[in-house]
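Here is a short briefing on one protein model. Have the sequence and the structure open as you read.

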Amino acid sequence: MKILVVGSGGREHALCWKIRQSSHVRELYCAPGNGGIAALAECVPIAAEDVEAICAFAEQRTIDLTVVGPELPLTLGLIDRLEARGLRAFGPRRDGAQLEGSKAFTKHLLEEAGVASARFGVYSDVESARAFVRRTGAPIVVKADGLAAGKGVTVCTTEAQAFAAIDESLRRRAFGEAGASIVIEEFLAGEEASFLALTDGDTVLALASSQDHKRIFDGDRGPNTGGMGAYSPAPVVTAAVHERVMREVMTPVVEALRRRGIRYQGVLYAGLMIDDGEPKVLEFNARFGDPECQALLVRLQSDIVEVMTAVAERRLGAAPLSWDPRPAVCVVLAAEGYPAAVAKGDAIHGLEALADWHGGVVFHAGTARRGGALVTAGGRVLGVTALGSTLRDAVDEAYRAVGKIEWRGMQYRRDIGARALGKESR
């Protein structure tokens, strides 16, 4: 098979790494790819959001399967355009990608499906939004309705902070059109977890559990990011919680979409808050999480190409996927300034010491080749992902590898997995 992966981040590097292991793969391309992906696939200089150019390339090269990594091309209708040309693709069509493209769409869908979530309001004018905050009180959460690269969510501990977040989105348009409308929700207490599943619109097949770390600093402090690390499995997703999420969240959402005439195919990602075994939905995404994808794919033992093809052809079976029983941990190394404006072009040192690393994989996110040297080219630069016989072993292995890498201003969290380790030690 000839396969095209769309995207340029750590998630896409992990996808290329896993796809390359399949015996079905003859040629592998990535558009646009990055400095690490180039060792696995032929990188094509086409931006992920350039829908027409990607379709033309897939048609010209007679690509057998296009795997779309990031959310933006999904919301722009890349899958629809590929299928209209008779090309097979993995991911939801534009109508299904609304689950991530519009938080208001998702909140109304959850309400219709009877799925537990936070009380909310949707607003496009400042005064109505402020009135909801006064009625609800703090803490409270303000979210840009549209895509904001993981940075349009503000958890506000005071009403003043909520008013500032409202102004930032609606008055100052910090998130552009994505923030022209906002969703304001009551704050949910508990522990977050990521619950991902594959679906062809009928069958829903759960992936292993995982947990992301959104805040930039240790102890879940500082602004939200696209994700600073992840681990799998997540102890908070017990067998009982898993069964409830499948029965009360994932299956009802797929059925509610189908009632609206939307056959959802691809990855269905529920961000959950779990409090005393009670799951509530924080958000939905329409693709693999990043960096959860890295921690999940190093554990996945099934042939990912066979599974993705089955999803694209609407014949996903109910047979469970095969997983490495060992836990995995991904530590994200970010550029100076992230999640705000970042420095780029700094030389990355130490990766050669990990060329034969048997404990895991270093996935590239924001890297590029410049004159033969590997340099930083984005906010999140690398995802150091390790396996271990226990979560503690995986954490230690990941941080040992992190210690070999450096560049000017490199930053990372030093507490990835700490919450789960706290549970293990009880």
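A residue is called buried when its relative accessible area is under 20%, exposed when it is over 50%, and partly exposed in between (1.4 Å probe, protein chains only). Helices (H or I, at least four residues) and strands (E, at least two) are DSSP runs, numbered from the N terminus. This is a predicted model, in which local features need pLDDT of at least 70 and side-chain atom pairs pLDDT 80 or more, while totals for chains, interfaces and linings use all residues. Residues are numbered from 1 along each chain as its sequence is written, and side-chain values use heavy atoms, leaving out hydrogens and water.

**Helix α1**

- In α1, 9 of the 11 residues are buried, so this helix is largely enclosed by the rest of the structure.
- Its buried residues are G10, R11, E12, H13, A14, L15, C16, K18 and I19.
- α1 packs on helix α11 (residues 304-312) at an angle of about 105 degrees, with the axes 8 Å apart.
- Axes are lines fitted to C-alpha atoms, for helices over the stretch in contact, and angles run from 0 to 180 degrees between N-to-C directions.
- α1 is therefore roughly perpendicular to α11 (under 35 degrees is roughly parallel, over 145 roughly antiparallel, 65 to 115 roughly perpendicular, the rest oblique).
- L15, K18 and I19 of α1 meet I304, V305 and M308 of α11; contact means heavy atoms within 4.5 Å.
- By class, this contact has 5 nonpolar, no polar and 1 charged residues.
- Ala, Val, Leu, Ile, Met, Phe, Trp, Tyr, Cys and Pro count as nonpolar, Asp, Glu, Lys and Arg as charged, and the others, Gly among them, as polar.

**Helices α5 and α6**

- Helix α5 (residues 94-101) and helix α6 (residues 103-113) pack at about 95 degrees, their axes 6 Å apart.
- That makes α5 roughly perpendicular to α6.
- D95, Q98, L99, E100 and G101 of α5 touch K103, F105, T106 and L109 of α6.
- The residues of this contact divide into 3 nonpolar, 3 polar and 3 charged.

**Strand β21**

- A373 lies in strand β21 (residues 373-376).
- A373 counts as partly exposed because its relative accessibility is 33%.
- A373 and G345 are 28 residues apart along the chain, and their C-alpha atoms are separated by 9.9 Å.
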